[in-house]
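Welcome, and thanks for opening the viewer. Please keep the sequence panel beside the model, and select each stop as we come to it.

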Amino acid sequence: MAGHSKFKNIMHRKGAQDKKRSAMFSKLSREITVAAKMGMPDPDMNPRLRAAINAAKAQSMPKDNIQRAVDKASKGDGENYEEVRYEGYGPGGVAIIVEALTDNRNRTATNVRTAFAKNGGNLGASGAVSHGFERLGLIEYPATVGDEEKVLEAAIEAGADDVESDEDAHQIWTAIDNLHPVSRELEKVLGEAEAVKLAWKPSLKTTVSADDAATLLKLIDVLDDDDDVQTVWGNYEIPDDVMEKLG
């Protein structure tokens, strides 16, 4: 089990995205509706729905909004969304995986392809980069729940596989099948998690040069701002001194 690791640049710069609240709520609602449609509308019986509702609560999404998203699925209202994954390369050869929920594959594919093309990247075929990642369960807690030792001990007891901590947060990794059992055990010690989800963890990270960093972060922001895009994963690591220069 690993200990300290600086991970905040693997997926995104935490807290550096100036997203509109309504756009974020829209994405959370979409995930709740899809999760409820795919399984039972009861979060206790549907792990994906429970994770989606927890993620919404962590972002202070009102209870009424959450309930509406669940009701939309049970009433059969709204669009039929499908899950789509795109893979490609960003500036400096960084591997990127984009996960989307869409009701129009052509629109989403065009938007994603354009984002890559205009920001120093190129979209690849399915499977182009995912071989360099592991599909795992990820449980996230803020640093305020306790120090690294406390979280590591709780994670070992709960049956997790790995922990990465820095001054902002803790990431606890599990096998996919263990995600929700481990999450339930951790909740007894650390409280409700900020996020419980499936994730792509890079096997090897690529250090990004100062020349490529700004373009890469622009690419990720453009992708993340797309309404259809739910998550963006990458194998990049941006050195602290480069991040400081970028502000």
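Select Leu223 first: setting aside neighbours within four places in sequence, Leu223 is in contact with Ile96, Val98, Val112, Ala115, Phe116, Val229 and Val232. Keep in mind that this is a predicted model.

Now widen the selection to the surroundings. Leu223 belongs to the largest nonpolar core, which has 23 residues. Together with Ile96 and Ile238, Leu223 is one of the residues with the most contacts inside that core. To see where the core comes from, colour strand 1 (82–89), strand 2 (95–102), helix 4 (105–118), helix 7 (210–225), strand 9 (229–234) and helix 8 (240–246), each of which gives two or more residues to it. Which helix gives the most to this core? Helix 7 does, with six residues.

There is also a second, separate core of 17 residues; among them are Ile139, Ala160, Val163 and Leu179. Leave Val163 highlighted for the next stop.

Zoom in on strand 5 and its partner. Strand 5 and strand 6 make a hairpin, with three residues between them. The two run antiparallel, and four bridges join strand 5 to strand 6 (residues 169–174).

- Val163 stands opposite Ile172 in strand 6.
- Glu164 has Gln171 in strand 6 as its bridge partner.

Are the faces of strand 5 covered or uncovered? Both are covered: Asp162 and Glu164 on one side, and Val163 and Ser165 on the other, are all buried.

## Stop three: a helix from end to end

Next, select residues 47–58, which make up helix 2. With twelve residues at 1.5 Å a residue, helix 2 should span 16 Å, and its end C-alpha atoms are 16 Å apart, which agrees. At the start of helix 2, look for Asn46: one of its side-chain oxygens comes to within 3.2 Å of the backbone nitrogen of Arg48. Following helix 2 is Ser60, with a positive phi near 60 degrees.

Which residues of helix 2 are buried? They are Leu49, Ala51, Ala52, Ile53, Asn54 and Ala56. As you turn the view, remember that an α-helix has 3.6 residues a turn, so residues three or four places apart point the same way.

## Stop four: a buried threonine

Move to helix 1 (residues 21–38) and select Thr33. Thr33 counts as buried because its relative accessibility is 5%, and buried means under 20%. Beyond residues up to four places away in sequence, Thr33 touches Ala69, Lys72 and Ala73. A polar atom of the Thr33 side chain lies 2.9 Å from the backbone oxygen of Ala69.

## Last stop: the whole view

Finally, zoom out. The protein has eight helices and ten strands. Of its 247 residues, 45% are buried. Among contacts between residues at least 6 apart in sequence, 75% join residues at least 24 apart.

Technical notes: Residues are numbered from 1 along each chain as its sequence is written. This is a predicted model: local features need pLDDT of at least 70, side-chain atom pairs count only at pLDDT 80 or more; totals for chains, interfaces and linings use all residues. Side-chain values use heavy atoms; hydrogens and water are left out. Two strands pair if DSSP finds at least two bridges between them. The expected span of a helix is 1.5 Å times one less than its number of residues. Buried means under 20% relative accessible area, exposed over 50%, partly exposed in between (1.4 Å probe, protein chains only). A polar contact is a pair of N or O atoms within 3.5 Å; within protein, one must be able to donate a hydrogen and the other to accept it, and residues adjacent in sequence count only if both atoms are side-chain atoms. A nonpolar core is a set of buried Ala, Val, Leu, Ile, Met, Phe, Trp, Tyr and Cys residues joined through side-chain atoms within 4.5 Å. Contact means heavy atoms within 4.5 Å.
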